[in-house]
Amino acid sequence: MNIHDIIKKARDGEQFTKGEVIEMLSYPTTSAETALIMGEAGRVSRELTNNTAEVHGQFALNLAPCPVNCEFCSFASQYGIFKDPIELSVEECIAYARQFDETPENTSVFLMTTANYDFGKFLEIAKEVKSIMKNGSYMVANVGDMSEKRTRQMKDAGFHGVYHAIRMGEGSTTKVSINQRMKSVRNFQDAGLVVGTCVEPIGPEHTNEQIAEHILLAASFDPAFSGAMRRITIPGSDLENYGMISELRIAQIVAVTRLATPRSVIGNCTHEPNVIGAYAGANLFWAESGGNPRDTKEKTEEGRGLSVGDCAVIFKEADWNVHTGSSNYFNKKHAVLAQPE
Ligand code: SF4
């Protein structure tokens with residue numbers, strides 16, 4: 001299949017095979033073929049959203065050494081970056097949520113915790129946060145794997161959706177299997193929570209075949225959004241020697257993710273926010289505050305984290321409008337697909 005066949009297939013809205021996804025990922029980042037793929041993905045993304053991108057805000061309820069020890073994460077207890085657990089008070093959580101929620105461009109507030117955070121406390125704080133959020137803003141959880149019972153409790157606490165990713169290297173760089181992640185995705189969806197996802201964290205060691213498999217796996221459960229995120233090197237981590245892929249390479253992967261994902265999924269994220277990613281079809285960025293698994297600062301707003309306004313400026317530099325009001329991406333009901341056991 002040459003590049004003209006690929007663009008025609010994308011224009012016709014047809015589903016790409018795994019082999020075709022690998023082919024799109026295999027072009028050099030600096031090639032004319034990749035430029036065409038990024039341009040077409042951007043066109044599709046803009047068409048699906050009326051050229052209107054979204055910014056969501058995330059903050060962490062805690063910052064603690066995490067025993068799950070994912071090799072790419074600054075919270076991993078084995079790295080000793082964060083030695084003493086810090087938990088935000090209810091008041092601090094409300095202040096962070098307000099900070100995001102009061103900006104016109106923020107449409108969803110994500111509450112993140114490490115895997116060992118107390119679930120009862122998580123629900124209590126979530127209810128308090130939800131009570132101060134403006135009508136129309138969605139509260140979203142970014143937490144570990146959850147049982148059916150817990151997903152129902154999360155729905156009852158006021159969550160509209162969750163972020164859940166099947167990580168690159170799941171089961172080797174993390175202690176969690178793909179099956180466990182997928183079981184949680186089904187539990188969330190069965191409880192009525194809308195799931196957003198991303199192909200992440202991608203490093204130079206990941207093959208095009210591995211990335212293609214994850215792009216298609218993410219597309220298989222009809223998420224609110226998919227997308228792609230590169231791994232940020234944590235100094236001293238086991239993965240440090242691999243280094244990082246470039247912004248141009250992650251933009252290429254973002255573009256391929258857009259083209260290989262059904263049009264029923266209108267959101268396409270990238271992280272961290274950047275103009276070339278927005279050009280290549282990313283239409284969702286995150287602002288961040290508090291603890292951040294890609295940062296070694298306690299308050300990422302003093303480090304890598306961007307504000308809602310910063311994210312909106314980057315979108316505007318790529319000639320996107322920025323949405324205000326309820327998230328269009330999360331405003332969907334999942335058509336739950338049959339999943340392999
Ligand atoms: S990614 Fe999540 S589960 Fe893994 S070490 Fe970091 S906080 Fe723990």
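Modeller: Glycine 325 counts as partly exposed because its relative accessibility is 39%, given that buried means under 20% relative accessible area, exposed over 50% and partly exposed in between, with a 1.4 Å probe and protein chains only. Before going on, please keep in mind that this is a predicted model, in which local features need pLDDT of at least 70 and side-chain atom pairs count only at pLDDT 80 or more, while totals for chains, interfaces and linings use all residues. Residues are numbered from 1 along each chain as its sequence is written, and side-chain values use heavy atoms, with hydrogens and water left out.

Glycine 325 belongs to the segment after strand E12 (321–322), where helices (H or I, at least four residues) and strands (E, at least two) are DSSP runs numbered from the N terminus. Setting aside neighbours within four places in sequence, glycine 325 contacts Pro104 and Thr107, contact meaning heavy atoms within 4.5 Å.

Turning to the peptide bonds and phi angles, most residues other than glycine have a negative phi, and most peptide bonds are trans. The bond joining glutamate 200 and proline 201 is cis, with omega about -15 degrees. Proline 201 is part of strand E8 (residues 199–202), and it counts as buried because its relative accessibility is 5%. Beyond residues up to four places away in sequence, proline 201 touches Phe72, Arg167, Met168, His206, Met229, Arg230 and Arg231. A cis bond also runs from histidine 271 to glutamate 272, with omega near 5 degrees, and glutamate 272 lies in the loop between strand E10 (267–271) and helix H10 (275–279).

Asparagine 69 has a positive phi near 55 degrees without being a glycine; it sits in the loop between strand E2 (62–63) and strand E3 (86–87), and at 15% relative accessibility it counts as buried. Asparagine 69 is also one of the residues around the ligand, which include Cys66, Val68, Cys70 and Thr114, each having a heavy atom within 4 Å of the ligand.
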